Structures are given as structure tokens and as C-alpha cells.
Amino acid sequence: MKHGGKPMKMKVKFVDDEVVKPSDAMSLPLYITNAVFFTLFFSVVYFLLTSWREKIRTNTPLHMIDLSEIVAILALVASFIYLLGFFGFDFVQSLFLQPSNDIWVADDDEDEIMLKEDARKVPCGQALDCSIPKIAPIASPKAALKVFEEKAMIETPPPTEGDEEIIKAVVAGTIPSYSLETKLGDCKRAASIRREALQRVTGKSLEGLPLEGFDYESILGQCCEMPVGYITIPVGIAGPLMLNGREFSVPMATTEGCLVASTNRGCKAINLSGGASSVLLKDGMTRAPVVRFNSAKRAAELKFFMEDPENYETISMVFNKSSRFGRLQTVKCAVAGKNLYMRFTCSTGDAMGMNMVSKGVQNVLDFLQNDFPDMDVIGISGNYCSDKKPAAVNWIEGRGKSVVCEAVIKGDIVTKVLKTNVAALVELNMLKNLTGSAIAGALGGFNAHASNIVSAVYLATGQDPAQNIESSHCITMMEAINDGKDLHVSVTMPSIEVGTVGGGTQLASQSACLNLLGVKGANREAPGSNARQLASVVAGSVLAGELSLMSAIAAGQLVKSHMKYNRSNKDVTTVASA
């Protein structure tokens with residue numbers, strides 16, 4: 001049979017869902033044959049030892065043997081060869097030789113540890129060429145539509161005969177879907193087989209979910225398990241954004257019409273007014289384990305120990321030993337009855353840093369067991385961190401990068417570009433972002449739509465989209481200055497959680513967007529500066545988005561603009577059926 005135009009050999013034959021074994025060719029059942037040779041081996045060994053002991057006792061030369069001894073020696077050699085062939089070779093191979101390339105020889109135990117073994121040795125974005133390509137001629141809309149329609153007509157080729165057998169095995173449950181990458185050694189083929197098996201099991205078509213054109217090797221063991229395709233999200237560019245004297249073209253991945261256009265208008269207003277400036281207030285990722293004692297007194301004793309300045313050097317040495325970049329900054333503790341929550345904060349270089357800080361915390365917990373053997377570690381995360389949840393501790397103390405970004409927008413720019421006036425913006429901000437949010441009981445939500453911009457930039461640059469929750473904590477301030485002629489606008493964001501290495505930042509598309517911003521990968525000269533720069537860009541983009549949306553609301557343009565940019569005039573049913 002063939003796969004991908006090349007002949008493929010199958011080493012296993014399926015017969016009624018059972019694998020044909022070499023032992024099936026023997027006339028006697030395997031267990032009877034083994035018993036016979038075991039008995040023969042030990043019987044002749046006993047006979048020869050007894051015979052040789054008698055010769056030694058009577059001073060008879062050992063090389064003088066009779067017919068019975070010759071037969072016994074031959075039987076010993078034969079039984080030894082049989083036992084060696086049946087058991088010895090398999091034992092030796094399991095110690096010294098590599099596993100078989102046969103995709104079906106893996107045991108169930110290997111399936112259970114498959115996820116731990118799927119580790120890639122080379123970062124998936126390492127070989128990415130991010131040089132600016134030559135710009136191809138732009139095709140006409142009609143030509144582009146024709147190409148799109150031709151691509152839509154392409155049907156997924158039917159599975160090969162070899163893949164068909166595997167698909168049936170996955171559907172039947174004899175092959176776990178999660179083990180396909182390990183068994184096949186081909187991530188693209190595994191995704192295709194899993195996709196077809198899923199469609200047969202559910203009876204639902206996945207047509208429209210792309211499969212081709214993606215490097216499935218790049219996500220193995222780090223980004224996504226059991227893939228069946230990938231989602232396409234348009235990426236738009238807002239800017240240039242003038243921030244701290246530099247221009248940035250901001251990539252935004254979104255499906256919300258008007259979002260990029262609105263942010264782009266805010267960037268224009270900022271640029272025409274001389275640009276924005278940002279300041280990094282804090283930089284530290286947190287992790288807070290929860291431990292329990294038999295009494296509140298013992299929990300308080302550990303709290304005092306952890307917060308004692310004299311113990312800081314020892315604790316930091318233990319914490320820092322697992323990373324070159326993770327450096328302990330502070331430890332703050334909170335007691336709840338017999339339970340103690342310890343909030344560790346540390347620098348993490350250009351990584352977002354959750355894994356880094358978790359390793360350091362584990363080092364400290366192991367160290368504390370020596371002096372506090374009655375300490376029971378309930379969990380390495382006790383939600384006092386607080387990760388992927390709205391929490392006052394992040395709003396007050398900060399988490400990740402704490403950034404404030406500001407700009408002064410000239411009065412004539414407010415009128416000509418933003419189509420409103422300074423007084424209207426200041427009043428709307430006070431009644432909407434401040435008073436309205438307070439009435440709603442907002443936690444970190446004193447803004448118009450910070451999460452819109454944060455989510456779009458996060459998706460484009462490979463950040464953890466779930467951390468949009470705390471990263472979107474933002475308070476937007478607007479004030480009339482220079483006798484009411486100009487507008488001072490600022491956003492304060494205490495917990496922007498970003499990184500330029502690890503996770504989704506290494507995927508080709510996301511890595512290209514980071515390269516566009518000039519913050520791809522780790523900064524070797526100044527570790528951590530790329531991640532800090534990205535956080536500043538996020539804050540600057542939020543500033544532009546806030547400025548534009550608030551102006552649209554003040555001018556009564558919100559509904560009109562969304563009806564223009566967020567509604568399609570095309571008949572999508574005809575496009576889908578093409």
C-alpha cells in the first residue's frame with residue numbers, strides 16, 4: 001500500500017482485531033512448550049551436577065564422560081538456546097536497543113506516559129525567517145474571489161488504505177486518539193486521522209476548519225494536544241503608534257469590525273499631538289501556595305519567619321537556584337485560620353514566567369519542610385496569586401508588568417480627528433468610566449474597552465488569552481488642561497502579563513507579529529527588556545483605543561460606525577455554499 005506517494009510497509013496483520021504472533025506457528029500451546037523446556041533444563045543441570053560431584057569424590061577425571069552425560073549436555077545446550085531465544089534476547093533489547101519503529105508495538109503503559117515523552121529539542125520559532133519579503137503584485141478583487149472559490153472547491157482526499165485501518169481502530173477505541181503522534185511519528189498525519197475519526201464518531205462535518213498549511217510539529221508537547229485543525233483569525237495593523245519616541249505598528253487579531261479602525265484613529269490623534277509616553281512601575285510575576293498547620297499559631301509562626309528581613313537572603317538563595325532569570329523580590333503572607341497563603345513575587349526575564357516562579361516556589365516549600373515538618377502543602381497555587389481571575393490583590397499590588405501610559409491631545413486634534421471636544425470627553429469619562437463603573441461594582445474595570453485591545457494584541461503575539469482577565473485591569477483618566485483647550489488622557493494598568501519567549505510566542509505567525517514590534521524572543525543584552533517593551537505597547541494601544549471609543553460615544557457615532565464597519569453586505573450563505 002502507499003501513503004503520500006511512497007510505499008509503506010505494515011508489519012502487523014489484523015485478524016479479528018488480534019495481532020498474529022510468531023508463537024502461533026508452534027504445534028503445542030506456548031505455556032506447555034515453556035514448561036517442557038524449563039523442566040528439561042533444570043533436570044539435566046541437576047543430573048550433571050550430581051554426576052560431576054560423584055567423579056570429584058572418586059577422583060575420576062571430569063573429561064571422561066559416558067553416553068548419558070553426552071545426551072544430558074546436548075539437552076542442556078538445546079534447552080538453554082530455547083530459553084535464551086524466548087526470554088534473553090527480549091530482555092537484552094529492552095535494556096540496550098532502541099524501541100521498534102513498528103507503530104503498534106507500544107504497550108498501554110507507554111500510552112499513559114506519552115504526554116511526558118513528547119518533548120521537542122528545538123524551539124519551534126528558532127529557524128523562522130522574519131526578513132521582510134518582496135511584495136507581490138496585488139491581484140484585483142475579481143481575481144482574488146476566483147482563487148478563493150477555486151480553493152473552496154478543493155475536497156479533502158480520501159484516506160489511504162493504511163490510514164483507513166488506523167481510523168477504524170481509533171473509532172473502535174483500540175488505539176487512543178491522544179497517542180497517534182507518538183505511534184505514527186508524523187504530527188500532520190496524526191491530526192488528519194484524528195479529524196476523520198472524530199467526524200465518524202460524532203457524525204458532524206469539520207468542513208471549513210482548515211487542516212493544511214500548519215506546522216503541527218511546532219505545537220507538539222507545548223501548545224495544544226490532540227489537534228484536528230486550526231482557527232484562522234484576521235490580523236489588522238493599527239498605527240503607527242508614537243510611544244516613547246518610537247513608532248510601532250501594532251498587530252491586532254480580531255473578528256470584531258471597527259476595532260482596528262477605531263484604535264488606528266486613536267493612534268493618529270496621539271501621533272499628531274506629539275506621541276505618548278509610558279512608565280513601567282513594577283515587573284514581577286506571582287505565585288501563592290497554600291499550606292496548612294494543626295493550629296493558627298503555627299501558621300502565624302511561618303508567616304513571621306517568611307516576612308522577617310533577616311531570613312530573606314536565605315529564602316531568595318533557595319528560590320533563585322532553579323533559574324538564571326527568576327529572582328525573588330518579595331513574599332507577602334496572609335493567614336486564614338490554620339492556613340497560610342504565601343504570595344511570592346519574582347522577576348522572570350523575557351518570559352511571562354508562571355513556570356519559572358512555580359519552580360522557585362517549589363524549592364522554598366521543600367526547604368521549609370526541614371524547619372516546619374508539620375507543614376502540609378495543600379497546593380502550589382492557592383488563588384492568592386491570582387491567575388486568570390479578577391482579584392483585588394492584582395488591582396492593588398500588581399502582577400506581571402504595571403504600566404502607566406499618558407498623552408496630551410491638542411484641542412484642534414480632538415475637534416478635527418476625534419470629532420468631539422475636550423469638555424465632552426472629560427464629562428463622559430467621569431460619568432461612564434468612573435461613576436458608572438463604581439455603581440456597577442467594577443473590579444479593575446474603570447475603562448471603556450481595554451480588554452478589546454488587550455485580547456487582540458495577545459492573540460496576535462502568542463500570549464495566554466485567558467490572562468486577558470487581569471491584564472485588562474485599567475483605569476482611564478481624562479482631564480482638561482491649558483485652560484481647557486487640551487486633553488490629558490492616561491491609562492493605568494497594574495497587571496499586564498506578557499512574555500516574548502515560550503508558549504505561543506514561538507509559533508510562526510505569532511513570532512512574526514512580535515518581530516514586527518521589534519520584541520521577538522529574548523533580549524540577550526538586557527534580559528527582560530523585550531517583555532517590558534511589549535507591555536508598554538499594550539498600554540499605548542489601550543490608550544489609543546480608549547481615546548477613540550470615548551470620542552465616538554461623545555459624538556454619538558458609536559452605532560453609526562459599527563453599522564458601517566461591523567456589518568457585512570455580502571450574502572454569506574452563497575459564499576459558504578460555493
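## Contacts and overall composition

Among contacts in the protein chain with a separation of 6 or more, 72% join residues 24 or more positions apart, a contact being heavy atoms within 4.5 Å. The chain is a predicted model, in which local features need pLDDT of at least 70, side-chain atom pairs count only at pLDDT 80 or more, and totals for chains, interfaces and linings use all residues. Residues are numbered from 1 along each chain as its sequence is written, and side-chain values use heavy atoms, with hydrogens and water left out.

The secondary structure comprises 21 helices and 15 strands; these are DSSP runs numbered from the N terminus, with helices being H or I of at least four residues and strands E of at least two. Of the 578 residues in the protein chain, 39% are buried. Buried denotes under 20% relative accessible area, exposed over 50%, and partly exposed in between, with a 1.4 Å probe and protein chains only.

## Model confidence

The protein chain has an average pLDDT of 84, and 79% of the residues score at least 70; pLDDT is the predictor's confidence in each residue, from 0 to 100. Residues 1–22 have a pLDDT below 50, and this stretch has 27 contacts in the model beyond near neighbours in sequence. Over residues 89–139 pLDDT also stays under 50, with 45 contacts beyond four places in sequence. Where pLDDT is low, the predicted coordinates should not be read in detail.

## Nonpolar cores

The largest nonpolar core contains 50 residues, of which Met252, Ile409 and Ile496 touch the most other members. Such a core is a set of buried Ala, Val, Leu, Ile, Met, Phe, Trp, Tyr and Cys residues joined through side-chain atoms within 4.5 Å. Helix H19 (residues 529–554) provides the largest share of this core, ten residues. Apart from it lies another core of 25 residues, including Leu302, Val331, Met354 and Met375.

Beyond its neighbours within four places in sequence, Met252 has contacts that include Pro234, Val235, Leu259, Val260, Ile453 and Val457.

## Pocket and cavity

The largest pocket has a volume of about 1,600 Å³. Its lining consists of 47 residues, with Cys223, Gly462, Gly503, Gly504 and Thr505 nearest its centre. Helix H12 (354–371), helix H16 (450–461) and helix H18 (508–517) are the elements that give two or more residues to this lining. By class, the pocket lining has 24 nonpolar, 20 polar and three charged residues; Ala, Val, Leu, Ile, Met, Phe, Trp, Tyr, Cys and Pro count as nonpolar, Asp, Glu, Lys and Arg as charged, and the others, Gly among them, as polar.

The structure holds one cavity of 30 Å³ or more. Residues lining the largest cavity include Asp283, Met285, Lys401, Ile496 and Glu497. Strand E7 (277–287) and strand E12 (400–409) each supply at least two lining residues, and the largest share, three residues, comes from E7. On a 1 Å grid over the protein atoms alone, a cavity is a set of points where a 1.4 Å probe fits but cannot get out, whereas a pocket is an open set with protein on both sides within 12 Å along at least five of seven lines; lining residues have an atom within 4 Å of a point. Grid points are joined across faces, edges and corners, and a volume is the space filled by probe spheres set on the points.

## Selected residues

Tyr458 lies in helix H16 and is buried, with a relative accessible area of 1%. Beyond four places in sequence, the contacts of Tyr458 include Asp464, Ile496, Glu497 and Val538. The C-alpha atoms of Tyr458 and Glu497 are separated by 9.7 Å, with the two residues 39 apart along the chain.

Ala423, in helix H15 (residues 422–439), counts as exposed at 56% relative accessibility. A distance of 7.0 Å separates the C-alpha atoms of Ala423 and Ala480, which are 57 residues apart along the chain.

## Backbone geometry

Most residues other than glycine have a negative phi, and most peptide bonds are trans. A cis peptide bond joins Gly239 and Pro240, with omega about 10 degrees; Pro240 is found in strand E5 (residues 235–243). The peptide bond from Cys385 to Ser386 is likewise cis, with omega near 0 degrees, and Ser386 is placed in the loop between strand E11 (376–379) and helix H13 (392–397).

Met226 has a positive phi, near 50 degrees. This residue, Met226, lies in the loop between helix H8 (187–202) and E5 and is partly exposed at 44% relative accessibility. Asn244 has a positive phi near 55 degrees; Asn244 lies in the loop between E5 and strand E6 (246–253) and is partly exposed at 42% relative accessibility.
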